[in-house]
Amino acid sequence: MVRVRFAPSPTGYLHMGGARTALFNWLFARHEGGAFILRIEDTDLSRSTRELEEQILEDLLWLGLKWDEGPDVGGGYGPYRQSERLGIYREYSARLVEEGKAYPCFCTEEELARKKEEMIRKGKPPHYDGTCRDLTERERAERRREGRPESIRFRVDECASKSLDDIIRGEVVFPAGMVGDFVIMRSNGHPTYNFAAAVDDALMEITHVIRGEEHLSNTLRQIMIYDALGLEMPRFAHIPLILAKDRSKLSKRHGAPNIKDFRLRGYPPEAVANYLAFLGWSPKSEKEILSIGEMVEEFSLDRVSQSPSIFDETKLNWVSAQHIKRGGVERYFEEAKRFFPEEMKEAYSHEALIRVFEVLSENLHSLSRIPEEAAPFMPGVPKIEADKLHWLEGREDLLRSFIDEFSQLDRFNRQNLKGALKKVSKGTGAKGKDLYMPLRVAVTGSEHGPDILSILEVKGRERVVSLLENALNLVA
């Protein structure tokens, strides 16, 4: 059975790249009828926090990516936090030392930094120089008595090249001499990323490791660890990077790279997932708007590109707008309510707010845009700027005609409003912009906005007549 994992480090929020990696793993698992495992890589003691872990879990669930095994739901391959697996890493590192495939290293950080600088100065690869590689037991005991820090370093065969059959990138060859002896256990007793990831993936029987292309350089070390321990290696699939429009590394200044940002800005989770899926993957169909179920049905790794993907917030907004338009009131109104200004919620009935959202959802890319987009519906008297008064000046008769016709309507609904406008047009000769723009400016204070009939209907007869009278007083 297919088993994949997403292994975030709780040192920051869930960013776009991590979310896309989680999504691809989840889609692959669901398409193949396999298991999606959540593993927390929290061995960075100085930066990992339980609060950030909880935020990551919350964001994943918001996206709809529920896991089958993990720190909160358990499973048969736990623990699922690396901080709770330290005994396992120490056991396997001790085994490598016993078999001569790893060795204790007593070099300090200062010594290592000095050696690295010297190698770079001489134009050599900054590999470990092997100072502790062949120490005798007596020499090791002496260094322990001195209280020197003791890490465990993997013994690399510098003459051996390695190759990888990557599902997305094809054959990847790692020439001999790319890396020197590397640390697998730090002096504080915690594993390095490559050692813990390799051991965990093997023991959790992960069949496919789907992760970002930036991890490709880590794979060589992990292959060496699998080989040295005699563990079965999973298949690897390295997905392309996500870049900004200028092809630089994506950062906060390019938009909202953290999933929490999208949540706060009121993007629908299915829209974010839909957009993320298309950053490096394409379905067989030409459809651009897909539900989660449709993505699961179509997803395959052979449709993942090798080329970097470009984060384009304009395209994200288009995708999101399509989802909001399709989902409408039934899907999004309950979430949308919290974005409505308090003045509107106090002034309008539940049904009126639904009507406002129906209008806005036709062209709304995120729910946080509601306060701005709903401005024409706001209760109270709008401020009519001086540069818009020309739509009212000299049109006093038109404004009076609006007041007369609207005041006579028993039911202030769309059909009756259309009839009233026809009467006003016939009686005054005003048509097109000359008819509608003075009405819009008088009622909303703006020349732009949603359908004017919807605005009138929501505001109601008394409020609309009052606003028209106010506009008339400005120019009379």
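## Pockets of a predicted model

The largest share of the lining of the largest pocket, five residues, comes from α1. This is a predicted model, where local features need pLDDT of at least 70, side-chain atom pairs count only at pLDDT 80 or more, and totals for chains, interfaces and linings use all residues. Residues are numbered from 1 along each chain as its sequence is written, and side-chain values use heavy atoms, without hydrogens and water.

A pocket is an open set of points on a 1 Å grid over the protein atoms alone, where a 1.4 Å probe fits, with protein on both sides within 12 Å along at least five of seven lines; lining residues have an atom within 4 Å of a point. Volume is the space filled by probe spheres set on the points, joined across faces, edges and corners.

The largest pocket has a volume of about 1200 Å³. Its lining counts 39 residues; Ser9, His15, Gly18, Glu214 and His215 are the closest to its centre. Two or more lining residues come from each of β1 (3–6), α1 (16–32), β8 (208–212) and β10 (242–243). Helices (H or I, at least four residues) and strands (E, at least two) are DSSP runs, numbered from the N terminus.

The second largest pocket has a volume of about 740 Å³. Of its 28 lining residues, Leu112, Arg153, Asp181, Phe182 and Val183 are the closest to its centre. α4 gives the most to this lining, six residues.

Lining by class:
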